[in-house]
Amino acid sequence: MKSLQSMGWDSFFFEQLIPSKHNKYIPAKVVSQHNDRYHLVSEQGDFTAKVTGKFRFKANHLRDYPVVGDFVLAEHIEESNHALIHMVLQRKNCFSRKAPISGGRKMKNGVIEGGITEEQVIVSNIDTVFIMCGMDGNFNISRIERYMTLAKHQRLEIVILLNKIDLCDKPEEYLSQVNEIAGGSLVLPISAANKIGFDPILNYMVEGKTIVFLGSSGVGKSTLLNSLLEQEVQTTNQTSNYSGKGKHTTTHRQLFFHHSGCMIVDTPGMKELQLWAENGDLDSVFTDVVDIVAQCKFSNCTHRTEPDCAVQSAIDSGVISRERYERYLTQQRELSRLKEKKKEYMQKYSKRSKR
Ligand SMILES: Nc1nc2c(ncn2[C@@H]2O[C@H](COP(=O)(O)OP(=O)(O)OP(=O)(O)O)[C@@H](O)[C@H]2O)c(=O)[nH]1
Ligand SMILES: [Zn+2]
């Protein structure tokens, strides 16, 4: 049986308990989610669970629903292994994106319709995110930068994993490219399949901590998870539902327990990675660009034809690449659109809920 503490429980969550409901509500960790079905692990046992009707009625936004990593208060249905989720305890942090156009649940009396401007929380209560990228045809700097902006929005600790070193003739070229944009985050070349370069990762795998693997489909997230869990199976022979080898499926989010006591969340590769962040988050990923922009002679410089434009001269002299600068602009435009859409959405939403 897992203790709450070993799953990251501390005073932050304890203080959110409702004393009058102590007998009825069990604190539990959400370890997997499949549509509206959840798996919970608690000190009273493992349960399958759904949210209550009242929960559903009160939930206004996608982010109100439980996600993997959450602590919830659940009511065990006697003589079954089912439970009802009454409440999601406030999250320490989370990793989110803008809800994809194609997805999104229809909420409460149709208040929210398709194409919603909403935050979709992927995982919560995270200690470190590992942004993975392959050193192969899938190598994509812009993707890494986008994941970084999303992670910075919640001030998450970032480690960048460059996978498939075994396929790569010149890993140092990838490494230096990524180090240039990593803003001081650790960049590790690894092979998930061949278990190369794992030692620095193990430093993050500490009891009660949660690490999350992010990255496009095919970068090797599941392979890394399996490689890490295989070690566990060999050394401890645990057969718990959530720590076994070969249980993994990338169609839904799931949290696994490693023998170190660390929790690992593998996420399915996200095709649509729309930003859910603010300009400050972007600026903290692109400090090099921001510093240069600040040096322009005119504060309203458009960085095109003005004299003494620091951006133009930085690009001309190779201090930053034009591509890097343009990727910054692309994200900036996307965030401006998001801001507008959020405003529209809030207006529409508040009008309707006043009716
Ligand atoms: N050569 C080599 N291949 C690898 C390595 N890691 C993963 N692969 C291969 O890359 C492919 C994709 O790996 P997955 O682990 O399924 O990728 P994923 O990121 O989990 O993908 P999704 O589940 O679709 O998000 C598989 O064929 C793996 O065998 C590696 O270190 N070296
Ligand atoms: Zn300028």
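Tutor: The lining of the second largest pocket has eight nonpolar, five polar and six charged residues. Asp, Glu, Lys and Arg count as charged, Ala, Val, Leu, Ile, Met, Phe, Trp, Tyr, Cys and Pro as nonpolar, and the others, Gly among them, as polar. This is a predicted model, where local features need pLDDT of at least 70, side-chain atom pairs 80 or more, and totals for linings use all residues. Residues are numbered from 1 along each chain, ligands from 1 as written, and side-chain values use heavy atoms without water.

Student: Which residues lie nearest the centre of that pocket?
Tutor: Phe55, Asp64, His86, Met87 and Val88, out of 19 lining residues. Helix H2 (53-58) and strand E5 (82-88) each give the lining at least two residues.

Student: Switching topic. What coordinates the zinc ion (ligand 2)?
Tutor: Cys296 (SG), Cys301 (SG), His303 (ND1) and Cys309 (SG), at 2.1 to 2.4 Å. The donor spacing in sequence is C-x4-C-x1-H-x5-C.

Student: Why is the arrangement tetrahedral?
Tutor: Because the four donor atoms around the zinc ion (ligand 2) subtend angles of 94 to 122°. Four donors count as tetrahedral if all angles lie between 85 and 135 degrees.

Student: Are Cys301 and His303 buried or exposed?
Tutor: Both Cys301 and His303 are buried (under 20% relative accessible area, 1.4 Å probe, protein chains only).

Student: And Ser32, buried or exposed?
Tutor: Ser32 is buried because its relative accessibility is 5%. Ser32 sits in strand E1 (residues 26-34).

Student: What is Ser32 in contact with, beyond four places in sequence?
Tutor: The contacts of Ser32 are Arg37, Tyr38, His39, Val68, His252, Arg253 and Gln254, with heavy atoms within 4.5 Å.

Key: On a 1 Å grid over the protein atoms alone, a cavity is a set of points where a 1.4 Å probe fits but cannot get out, and a pocket is an open set with protein on both sides within 12 Å along at least five of seven lines; lining residues have an atom within 4 Å of a point. Helices (H or I, at least four residues) and strands (E, at least two) are DSSP runs, numbered from the N terminus. Buried means under 20% relative accessible area, exposed over 50%, partly exposed in between (1.4 Å probe, protein chains only). Donors are N, O and S atoms within 2.8 Å of the metal (3.2 Å for Na, K and Ca); water is not among the atoms, so sites may look incomplete. Four donors count as tetrahedral if all angles lie between 85 and 135 degrees; four count as square planar and six as octahedral if opposite donors are over 155 degrees apart and all others between 65 and 115; anything else is irregular.
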